[in-house]
Amino acid sequence: MTEEKSINEEVKEIEAGEEVTTEENETKSESKAMPPKKRGGEIKDWVKSIIIAAFIAVVLMQLIVPTVVREHSMEPSFYGGDYLIVGKISYKFSDPERGDVIIFKSDIPMNPGEPSQAKKLLIKRIIGLPGDVINISDNVVSINGEVIDEPYINDGGTPGDVVNYVVPKDSYFVMGDNRTVSIDSRRNEVGPVHKDRIIGKALIRLYPFNKIGLIK
């Protein structure tokens with residue numbers, strides 16, 4: 001009985017030892033089958049992320065353009081320092097409408113001493129559409145014989161005299177909301193704005209934060 005017991009104990013010890021050995025081998029095999037991630041892979045991931053971010057930025061710049069208001073011609077609707085998002089494709093599928101606030105290229109030089117250099121971008125509100133008949137008299141604006149309601153303009157009304165002015169085809173009569181200081185379609189420096197000069201429609205005000213929201 002003693003010899004059988006000893007033999008059984010030896011068998012159990014051998015079996016237990018084989019089990020331990022097997023687990024160690026499996027662990028080693030798993031370690032070999034799953035090598036640590038190489039640094040080269042991490043760099044590729046970073047490069048891929050940068051390329052995707054750059055692509056998204058390029059696409060966004062084709063759709064929108066950030067703009068900062070610099071002058072006072074649109075007060076009280078917009079003040080100097082207001083940060084706006086302008087939709088560049090707003091008029092690709094539809095025509096501008098009366099009341100839209102637009103940014104457009106003018107012929108007014110940034111530096112009066114260098115008229116051949118860069119020209120100013122202006123922000124104004126569309127008042128007259130192609131074919132409209134504009135009249136301005138006694139600080140009141142009439143379109144096609146009807147006085148228009150303009151709750152957005154600054155105090156002082158609309159100075160100037162415009163008599164039966166017909167807005168040309170594919171062009172728009174624009175004015176600033178601060179009519180007493182705005183240089184706009186009432187002046188020869190600006191005149192009617194052809195649709196090809198329009199950069200886009202002001203869509204969103206991002207700053208100041210207490211006025212953030214869609215532009216109406």
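Predicted model: local features only at pLDDT ≥ 70, side-chain atom pairs only at ≥ 80, totals over all residues.
Reader: How confident is the predictor in the chain?

Author: The mean pLDDT of the chain is 82, and 75% of its residues reach 70 or more. Confidence is lowest in helix 1 (residues 2–33), at a mean of 45, and highest in strand 9, at 98. Over residues 1–8 the pLDDT is below 50, and beyond near neighbours in sequence this stretch has zero contacts in the model.

Reader: Why is the pair of Arg98 and Asp132 called a salt bridge?

Author: The closest N and O atoms of Arg98 and Asp132 are 2.8 Å apart. The cut-off is 4 Å between a side-chain nitrogen of Lys or Arg and a carboxyl oxygen of Asp or Glu, so the pair qualifies. Arg98 is in the loop between strand 2 (83–87) and strand 3 (101–109), while Asp132 is in the loop between strand 4 (119–128) and strand 5 (133–137), 34 residues apart. In total, the structure holds nine salt bridges.

Reader: What makes Arg179 and Glu150 a salt bridge, and which parts does the pair tie together?

Author: The N to O distance for Arg179 and Glu150 is 2.6 Å, and this is within 4 Å, so the name applies. Arg179 lies in the loop between strand 9 (171–175) and strand 10 (193–194), and Glu150 in the loop between strand 7 (146–147) and strand 8 (162–166), so the pair ties together parts that are 29 residues apart in sequence. Arg179, at 2% relative accessible area, is buried. Glu150 is buried as well, at 11%.

Reader: How do you know that Glu189 and Arg187 count as partly exposed?

Author: Glu189 has 38% relative accessibility and Arg187 has 37%. Both values fall between 20% and 50%, so both residues count as partly exposed. Their side chains meet in a salt bridge, at 3.0 Å from N to O.

Reader: Why do strand 7 and strand 8 stand at the edges of their sheet?

Author: The open sheet of four strands has the order 7-6-5-8, with antiparallel pairing. Strand 7 and strand 8 each have a single partner strand, so one side of each is left without a neighbour in the sheet. Within this sheet, four bridges join strand 5 to strand 6 (residues 140–143). Ile136 stands opposite Val141 in strand 6.

Reader: What makes the pair of Tyr207 and Phe209 edge-to-face?

Author: The planes of Tyr207 and Phe209 are at 90 degrees, which is over 60, so the pair is edge-to-face. Their centres lie 5.2 Å apart. Phe209 is exposed, because its relative accessible area of 64% is over 50%.

Reader: Where does the charged end of Arg125 sit?

Author: The charged end of Arg125 sits over the ring of Tyr152, 4.0 Å from the ring centre.

Terms used. Residues numbered from 1 in each chain as written. Heavy atoms only, no water. Helix = DSSP H or I, 4+ residues; strand = E, 2+ residues; numbered from the N terminus. Buried < 20%, exposed > 50% of the residue type's maximum accessible area, 1.4 Å probe, protein only. pLDDT = per-residue confidence, 0-100. Contact = heavy atoms within 4.5 Å. Pairing = 2+ DSSP bridges. Phe/Tyr/Trp six-rings, centres within 6.5 Å; stacked < 30°, edge-to-face > 60°. Lys NZ or Arg CZ within 6 Å of the ring centre and 35° of its normal.
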